[in-house]
Amino acid sequence: MKNHKYKILFIGIGIVFFLYMFVDVMEIDAAQYALISMEMSISKSFLHVYQLGLDSLDKPPLLFWLSSFSFIILGVSNFAYKLPAILVALLGIYSTYRFAKHWYSKQTAVFAALILATSQAMFLMVNDIRTDVILLGFTMFAVWQLTEYLEKRKELNLVLSAVGIGGAMLAKGP
């Protein structure tokens with residue numbers, strides 16, 4: 001398979017992810033998280049998480065923060081709710097590629113990224129946005145950056161790894 005065929009596959013995956021941003025938010029969890037994000041964007045209360053005016057302490061706040069900032073910038077919509085999580089998913093796919101490229105061949109790294117990007121779990125996570133896709137993206141980013149730090153000893157990689165770990169913890173908890 002030539003390099004341009006990989007690009008075509010990734011573009012196709014990107015188109016599917018983009019189209020998912022216009023699909024209505026699924027009921028129960030994703031709809032609940034979108035409501036919490038909407039309330040946060042309206043109230044500008046980013047340190048207290050509320051659902052229908054009552055405290056909501058079920059999940060860590062990163063998904064709500066990202067989505068509420070997206071609502072503030074783009075307005076309340078399915079697109080605005082899903083955009084931050086899909087961007088973090090793309091970060092996770094890219095981080096998987098870079099991590100695999102560090103240890104294996106470029107072709108193996110492309111296959112690893114393709115396998116992750118085309119897995120049924122990924123398609124579900126970018127359509128039914130919950131905290132899991134953000135956990136995946138930031139965890140893989142942290143692993144890639146920590147690998148780079150252990151190899152090159154650049155402090156920036158250590159700091160970025162810590163940011164990734166912090167993002168994962170704020171996405172799903174310890």
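Figure 1. Asp128 is buried, its relative accessible area being 8%. In this predicted model, the side chain of Asp128 meets that of Arg130 in a salt bridge, with an N to O distance of 2.7 Å. Arg130 is also joined by a salt bridge to Asp29, here at 3.2 Å from N to O. Because Arg130 lies in the loop between helix 6 and helix 7 (131-152) and Asp29 in helix 2 (residues 29-43), this pair ties together parts that are 101 residues apart in sequence. Arg130 is partly exposed, with a relative accessible area of 30%, and Asp29 is likewise classed as partly exposed, at 24%.

Figure 2. Lys152 and Glu148 form a salt bridge in which the closest N and O atoms are 2.8 Å apart. Both residues belong to helix 7 and are separated by 4 residues, about one turn of the helix. The two partners fall into separate accessibility classes: Lys152 is partly exposed, with a relative accessible area of 45%, whereas Glu148 is buried, with a value of 6%. Elsewhere in the model, salt bridges with shared partners join Asp29, Asp128 and Arg130 into one network. The count for the structure comes to 4 salt bridges.

Figure 3. Ser95 is placed in helix 4 (residues 78-103). With a relative accessibility of 0%, Ser95 counts as buried. The side chain of Ser95 reaches the backbone oxygen of Leu91 at a distance of 2.8 Å. When neighbours within four places in sequence are left aside, Ser95 is in contact with Met140, Phe141 and Trp144. Phe141 and Trp144 also belong to an aromatic cluster, which they form with Tyr94 and Tyr97.

Figure 4. The structure holds 12 aromatic pairs, and the one shown here consists of Tyr20 and Phe123. The ring centres of Tyr20 and Phe123 are 6.4 Å apart and the ring planes stand at 75°, so the pair is edge-to-face. Distant parts of the chain are linked by this pair, since Tyr20 is in helix 1 (residues 3-20) and Phe123 is in helix 6 (residues 120-127), 103 residues apart. Tyr20 counts as partly exposed at 22% relative accessibility. Phe123, at 18%, counts as buried, because the limit for a buried residue is a relative accessible area under 20%.

**Figure 5. A nonpolar patch on the surface.** Ile11, Ile15, Phe18, Leu19 and Phe22 make a nonpolar surface patch of about 510 Å². Among them, Ile11 is located in helix 1. Ile11 is exposed, with a relative accessible area of 54%.

**Figure 6. Two loop residues with positive phi.** Most residues other than glycine have a negative phi. Ile28 is not a glycine, yet has a positive phi of about 70°. The position of Ile28 is in the loop between helix 1 and helix 2, and Ile28 is exposed, with a relative accessible area of 62%. Lys44, also not a glycine, has a positive phi of about 60°. Lys44 lies in the loop between helix 2 and strand 1 (50-51).

Figure 7. Val159 is found in helix 8 (residues 155-172). With a relative accessible area of 49%, Val159 is partly exposed, as the exposed class requires a value over 50%. Val159 and Ala85 are 74 residues apart along the chain, and their C-alpha atoms are separated by 22 Å.

Methods: Residues numbered from 1 in each chain as written. Predicted model: local features only at pLDDT ≥ 70, side-chain atom pairs only at ≥ 80, totals over all residues. Heavy atoms only, no water. Buried < 20%, exposed > 50% of the residue type's maximum accessible area, 1.4 Å probe, protein only. Polar contact = N/O pair within 3.5 Å; in protein donor to acceptor, adjacent residues only side chain to side chain. Contact = heavy atoms within 4.5 Å. Phe/Tyr/Trp six-rings, centres within 6.5 Å; stacked < 30°, edge-to-face > 60°. Patch = residues over 30% accessible without salt bridge, like charges linked within 9 Å, V, L, I, M, F, W, Y side chains within 5 Å. Areas by Shrake-Rupley, 256 points an atom, 1.4 Å probe, with all protein chains shown as cover.
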